[in-house]
Amino acid sequence: AEKVQPGQFVMVRAHERGERIPLTAAGWDREKGLLSMVLSAVGKTTSELAALKTGGTIANVVGPLGRPTEINSFGTVVCVAGGYGVAAMLPIAQAMKEAGNRVFSILGARNGKLLFWKDRLAAASDDLIITTDDGSEGRQGVVTQPLKEILEREGVDRVIAIGPPMMMKFSAVTTKPFGVSTVVSLNSIMVDGTGMCGSCRVEGGGDTMFACVHGPEFDGHGVDWDLLLVRQQIYLDKEKQALKQW
């Protein structure tokens, strides 16, 4: 908590016989030594962590890991968060605002029930736009629609997109014609967090990199998204098989 910066993550192990999983730092209190993380109970380890009660314990926390987000006075910054991406985005938006930037935030989800931390993100933003696929809250549609509108009417200096890979891909596709620097966070493809397993390989600009040690943030216009999405689908298929067995 004393050292963590926006964009970094930690490795968490629920118990002595448990696996390690990477979770992005969603907030912290340096004086009290507190660190906040957000997770969705979709597998064995996240379900074990979600089952913990107040006052419960976990075996290990290692970090902070990964390269911090570049925080500077860029001018106008657009923060695009999809689903649970708001957890990683909140400290970034707060830091960008504190650095003197004008911050536009776009928060999207499949439906209104999946939205959270709206008030916190709004407090860190000059303007917050909410979108849902089904129109149950905010605007109906995807995050790239308001993103394009902002790009057309504002002088945007930087875009940061965090969320599902498909959302980040099309956020980068949307910004490219405008020539706006676009940063994406590939934390969702990380596994061991130290560069040893090679599962988070990222191809871009002729280079092979690892999301956990060279990122998790990358130039969204340089990532080979088609390759990344194909590789991620392999892991998703294996995860579904493992969940059935479990």
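Begin by selecting the seven strands that form an open sheet of mixed pairing, in the order β9-β8-β7-β6-β10-β11-β14; strands here are DSSP runs of E of at least two residues, helices are runs of H or I of at least four, and both are numbered from the N terminus. Two strands count as paired if DSSP finds at least two bridges between them. At the edges stand β9 (139–140) and β14 (217–219), each with a single partner strand, so one side of each is left without a neighbour in the sheet.

Before going further, note that this is a predicted model, in which local features need pLDDT of at least 70 and side-chain atom pairs count only at pLDDT 80 or more, while totals for chains, interfaces and linings use all residues. Residues are numbered from 1 along each chain as its sequence is written, and side-chain values use heavy atoms, with hydrogens and water left out.

Next, select β11 (residues 181–185) together with β14, which pair in the antiparallel sense over three bridges. Within this pair, Val183 has Asp219 of β14 as its bridge partner.

Move to strand β1 (residues 9–13), where five of the five residues are buried, so the strand is largely enclosed by the rest of the structure; buried means under 20% relative accessible area, exposed means over 50%, and partly exposed lies in between, with a 1.4 Å probe and protein chains only. In a regular strand the side chains alternate between the two faces of the sheet. When you show the side chains of β1, Phe9, Met11 and Arg13 point one way, and Val10 and Val12 point the other way.

Which strands does β1 pair with? Five bridges join β1 to β2 (residues 20–24) in an antiparallel arrangement, and the two strands form a hairpin with six residues between them. Arg13 stands opposite Arg20 in β2. Four bridges join β1 to β5, again antiparallel, and there Phe9 has Leu65 of β5 as its bridge partner.

Stay with β5 and select Pro64, which is found in this strand and is joined to Gly63 by a cis peptide bond with an omega of about 0°. Another cis bond, with an omega of about 15°, joins Gly215 and Pro216, and Pro216 lies in the loop between α6 (211–214) and β14. Trp117, in the loop between β7 and α3 (118–123), has a positive phi of about 60° although it is not a glycine. Most residues other than glycine have a negative phi, and most peptide bonds are trans. At 19% relative accessibility, Trp117 counts as buried.

For a contrast in accessibility, select Leu52, in the loop between α1 (44–50) and β5 (60–65), which is partly exposed with a relative accessible area of 38%.

Finish at helix α5 (residues 165–175), where eight of the 11 residues are buried, so the helix is largely enclosed by the rest of the structure.
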